[in-house]
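Morning, everyone. Please look at the model on the screen while I talk.

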Amino acid sequence: QVQLVESGGGLVQAGGSLRLSCAGSGGTFSTYAMGWFRQAPGKEREFVATIAWNGDFTYYADSVKGRFTISRDIAKNTVYLQMNSLKPEDTALYYCAAGSFSTRSAEYAYWGQGTQVTVSS
């Protein structure tokens with residue numbers, strides 16, 4: 001069983017930056033691809049970014065490409081999402097998940113509780 005805990009969310013002005021962290025424990029965390037998803041009020045959960053188990057491959061949603069960077073520190077069992085040039089439309093509850101290298105939420109077996117990101121205009 002893998003446990004995931006997100007941190008780093010908060011309130012930031014448009015154009016600012018935040019770095020989200022996702023600490024994993026238990027099971028075989030390091031063998032899973034990791035993904036970030038987000039869900040805004042009244043909207044469905046959407047894919048943001050994913051990284052392969054060894055960090056060699058990444059993939060981003062078009063809406064965040066060039067602004068967000070996903071990375072992982074295998075030794076620390078932690079995945080990061082560096083978010084730059086934030087926009088009000090990035091406001092959402094951000095989740096990390098462990099599973100397959102995919103944009104589909106159904107491909108991820110383990111989920112954290114989420115961390116709130118709010119971007120003011």
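One definition to begin. Buried means under 20% relative accessible area, exposed means over 50%, and partly exposed is in between, with a 1.4 Å probe and protein chains only. By that scale, tyrosine 110 is buried, because its relative accessibility is 18%.

Now some ground rules. This is a predicted model: local features need pLDDT of at least 70, side-chain atom pairs count only at pLDDT 80 or more, and totals for chains, interfaces and linings use all residues. Residues are numbered from 1 along each chain as its sequence is written, and side-chain values use heavy atoms, leaving out hydrogens and water.

The overall picture next. The protein has eleven strands and zero helices. Strands here are DSSP runs of E with at least two residues, helices are runs of H or I with at least four, and both are numbered from the N terminus. Of the 121 residues, 43% count as buried. The C-alpha trace spans about 40 × 25 × 25 Å along its principal axes. How far apart in sequence are the contact partners? Take contacts between residues at least 6 apart: 56% of them join residues at least 24 apart. Contact means heavy atoms within 4.5 Å.

On to the rings. A pair of aromatic rings is described by the distance of the centres and the angle of the planes. Rings of Phe, Tyr and Trp (its six-membered ring) pair if their centres lie within 6.5 Å; planes under 30 degrees apart are stacked, over 60 edge-to-face, and the rest tilted. That rule gives seven aromatic pairs. One of them joins tyrosine 32 and tyrosine 110, edge-to-face, with 5.7 Å between centres and 75° between planes. Where do these two sit? Tyrosine 32 is in the loop between β3 (18-25) and β4 (33-39), and tyrosine 110 is in strand β10 (residues 108-111). They are 78 residues apart, so this pair links distant parts of the chain.

Tyrosine 95 and tryptophan 111 also pair edge-to-face, at 6.3 Å and 80°. Tyrosine 95 lies in strand β9 (residues 92-99) and tryptophan 111 in β10, so the pair ties together parts 16 residues apart in sequence. Buried or exposed? Tyrosine 95 is buried, at 11% relative accessible area. Tryptophan 111 is partly exposed, at 25%.

Two charges sit over rings. The cut-off: NZ of Lys or CZ of Arg within 6 Å of the ring centre and within 35 degrees of the ring normal. Lysine 65 lies over the face of tyrosine 59, 5.8 Å from the ring centre. Arginine 72 has its charged end over the ring of phenylalanine 29, at 5.6 Å from the centre.

Now a sheet. Strands pair if DSSP finds at least two bridges between them. Four strands form an open, antiparallel sheet, in the order β1-β3-β8-β7. Which strands are at the edges? They are β1 (3-7) and β7 (68-73), each pairing on one side only. β7 pairs with strand β8 (residues 78-83) over six bridges, in the antiparallel sense. There, aspartate 73 has threonine 78 of β8 as its bridge partner.

Last stop: serine 21, in strand β3. Serine 21 is buried, at 16% relative accessible area. Beyond its neighbours within four places in sequence, serine 21 touches Val5, Glu6, Ser7, Trp36, Thr78, Val79 and Tyr80.
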